[in-house]
Amino acid sequence: MQVSLLSIALLAGNAHAFWRMSCALINTGRIDPIVNPGAISAHAHTIVGASNIGINSTYQSLVNSQCTSCEITADKSAYWTPNLYYQHPNGSFESVPHNGAVAYYLGRGATQSNNTIISPYPKGLKIVSGNKANRRYNATGNTWGNATYPSRPLQDAISFACLAAGPGPETPNMVNVSTCINGLRAQIHFQSCWDGVNLYKTDNSHVAYLSGIDNGVCPPGYPILIPHLFLETGYQIAQVSDTSSGGQFVFSMGDPTGYGFHGDFFNGWDATVQKQAVEQCLSEGGDGSIQACPPLNAVDVNEMASNCPARQSPILEQVDGLLDKLPGCVKITPGPDSATPADMECPAGVPKPSVVTTVDSTPVPTMNPAIGASFGNPGNKYLGCGNDSYQSPLRTLNAANTYLANMTIEYCQTYCNNQGYRFSGVEYGTQCYCDLAVNPSAQFKAGLNLTFGCTMTCPGKPGEICGGPNHIMVFNNTDPNFKPTNNTANSVIQLLTPLKTFPSNYVGCATEGKTGRALNGTSTSSNSMSVEACASACSAYQYYGLEYASQCFCGNGLASGSVILDTKKNAITSSCTKRCAGDFSEVCGGNNLLSVYKNTAYKPIVLPNTAGIYTSRGCVNEGSGGKALQGTNTATDTMTVEYCAAFCKSKSYKFMGIEYGRECYCDNSVQTKTGAALTVCPQGPQLMTCAGDKYSYCGKGGVLQLYST
């Protein structure tokens, strides 16, 4: 019975064109300048579109709004639907959050010649679809139709899609709403036939539905076919607390069924843009994307929620959060009888909330500097809108950055220039970046170019643009007296330094291990790190690797889970791209990526099995009662296993042992009364290298490396 989005897409692809427009929330409250102009509405609405929406809105005041929460900046129309609430078992009401709506403009309607011409909306056209009093299916009759184009129940203009774990059937009412974990989508078709005379009539008879609601023909007396508007409002059911407690969902007009869902549209389109879009993009073959519609693509901004955030309601009463009753004292009327006006009115004597009258707010012109033009603080010239990404080796500007909720271009220029950075750039509306140079990988385009990416207004100065997602507006301080800093840490200047040729012992760019470091020997870090410095620090290991520009790791093999991503010796194409902190001409890994080298001078450290006349007997854990060998001893900073053997032999002792890397002990027996215990020698780095031979082990503190004749 209901028309799904799939059928819309099929019809659009086979016979009609359309475009799809996203809108963010702009206001909530008892606002309805169509049904209740100049007064407080009976129930609360959720509104998207023009920022200047209020109880006294006119076409001109909408057009003069500072901004719109819809992505097409030329559309200052207002669209609204009822608020949705959850009534808890204790009687309280919790508002259901929602983030906006999606509007489909479709080329619909058929004639005998299949040559229908669609006209743009006239300035100030107002349309209401649905009946807020309905509480049962088909309570208000059918559309007009004939034998060729049959009529259809008016109630079919309304439908609901429960977005649960998987797609479910669309319904004419609200069913099992608490299971809609991915949201409840309320959908409504608007009338597409106009009488050509009236912009609004209180009984809504100035417009009519097509015979099939979403397609068909107009009834007699409605000669003008206008764009078919289909509006989706998404309610975030999962964000409501404890919906399994036995409560119910109810719309703001006291409707727990959904049959009374309705929508309002107040046209505020720029007449020229709308006319061009209707003529070029609601004809055969359109695919629905705004990018495929040149008039709309030129004024398309995806950052509308940031550029035009939600406003405070002009009706000074609470309609969101937790309430003890529905706004306006609306009663819940479950039907099947239709609700009456008395069900949607506060009793006499209940004070009405204060109202703030909206005032025309002429749009702030967006400043669009030309390439090379001075802009902002004195001396700063605009370089253009450039691409940027935190995933690149370095950002477009990399040396310093800051964030400000009320960012302006002038603030960013001051922040960077005061630190000695010549280049400043704004991005994502609230971010500022600085550097001594500009990344040569950046690609700049003139102006702002909405299709390129610099589309977000500056919160602190809406007349300015502060870049966009992954796009940065860059400025250069050309003041001849400007003194740049000599701090090149993290600067893009690193990228401008030519790379040295990678040495032949380079292994490749490796990932870290799954459960620990890829190279799990010793490590060090330094702001003067270079490949040579790391090689020196890891001379006792088979491999060394560099990471995060300043970190060095040593090991005798890559740990489990570490993978060589590539063996490329070009930092531009390799996965490892960070320049070394101490030598910009070298590469020192990346984020969680190691530039791995093999130590060609590596010589394994061993525990000698023999030394002169002595043979290894393992190790002795020293006891608490004294040394295990007590005959005589010596110590030297040039100690080796052979030196200790020669010393003990010269004293005619049967046993010799070494510990602490530099201490030699001799005796004719092991003094077990001290608590000494023979054990297997520890492996590898658990022992100390000899003070005089870094390739041999010489025990360690409390562990004697034991030999005997």
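**Close-up views of a predicted model**

According to its UniProt record, an unreviewed entry, the annotation "domain: WSC" covers residues 379-478, 503-600 and 613-709. The model shown in every view below is a predicted one.

**View 1. The stretch 613-709, one of those that carry the WSC annotation in the UniProt record.**

**View 2. Helix H9 and its buried residues.** Helix H9 is formed by residues 641-650, and Val 641, Cys 644, Ala 645, Phe 647 and Cys 648 are buried in it. Seen down the axis of H9, these buried residues fall within an arc of 165°, so they line one face of the helix. Just after H9 comes Ser 652, which takes a positive phi of about 65°.

**View 3. Helix H3, its start and the elements that cover it.** In helix H3, made of residues 271-281, the buried residues are Val 273, Gln 274, Ala 277, Val 278 and Cys 281. Because they cover an arc of only 130° around the axis, they are on the same side of H3. What covers these buried residues includes strand S1 (18-29) and helix H4 (294-297). At the start of H3, a side-chain oxygen of Asp 270 reaches to within 3.1 Å of the backbone nitrogen of Thr 272.

**View 4. Asn 27, a buried residue in strand S1.** Asn 27 is found in strand S1, and because its relative accessibility is 3%, where buried means under 20%, Asn 27 counts as buried. A polar atom of the Asn 27 side chain lies 3.5 Å from the backbone nitrogen of Ser 313. Leaving aside neighbours within four places in sequence, Asn 27 is in contact with His 45, Thr 46, Ile 47 and Ile 53, and also with Arg 311, Gln 312, Ser 313 and Pro 314.

**View 5. Glu 94, a buried residue without a salt bridge.** Glu 94 is found in strand S5, which runs over residues 93-95. Although Glu 94 is buried, it has no salt bridge, and the nearest side chain of opposite charge, that of Lys 325, is 17 Å away. Not counting residues up to four places away in sequence, Glu 94 touches Leu 84, Tyr 85, Tyr 86 and His 88, together with Gln 239, Val 240, Ser 241, Gly 321 and Leu 322.

How values were computed: Residues numbered from 1 in each chain as written. Predicted model: local features only at pLDDT ≥ 70, side-chain atom pairs only at ≥ 80, totals over all residues. Heavy atoms only, no water. Buried < 20%, exposed > 50% of the residue type's maximum accessible area, 1.4 Å probe, protein only. Helix = DSSP H or I, 4+ residues; strand = E, 2+ residues; numbered from the N terminus. Arc of directions from axis to C-beta. Contact = heavy atoms within 4.5 Å. Polar contact = N/O pair within 3.5 Å; in protein donor to acceptor, adjacent residues only side chain to side chain. UniProt positions renumbered as here; feature names shortened; annotations may be inferred. Lys, Arg positive; Asp, Glu negative; His and termini not counted. Salt bridge = Lys/Arg side-chain N within 4 Å of Asp/Glu carboxyl O.
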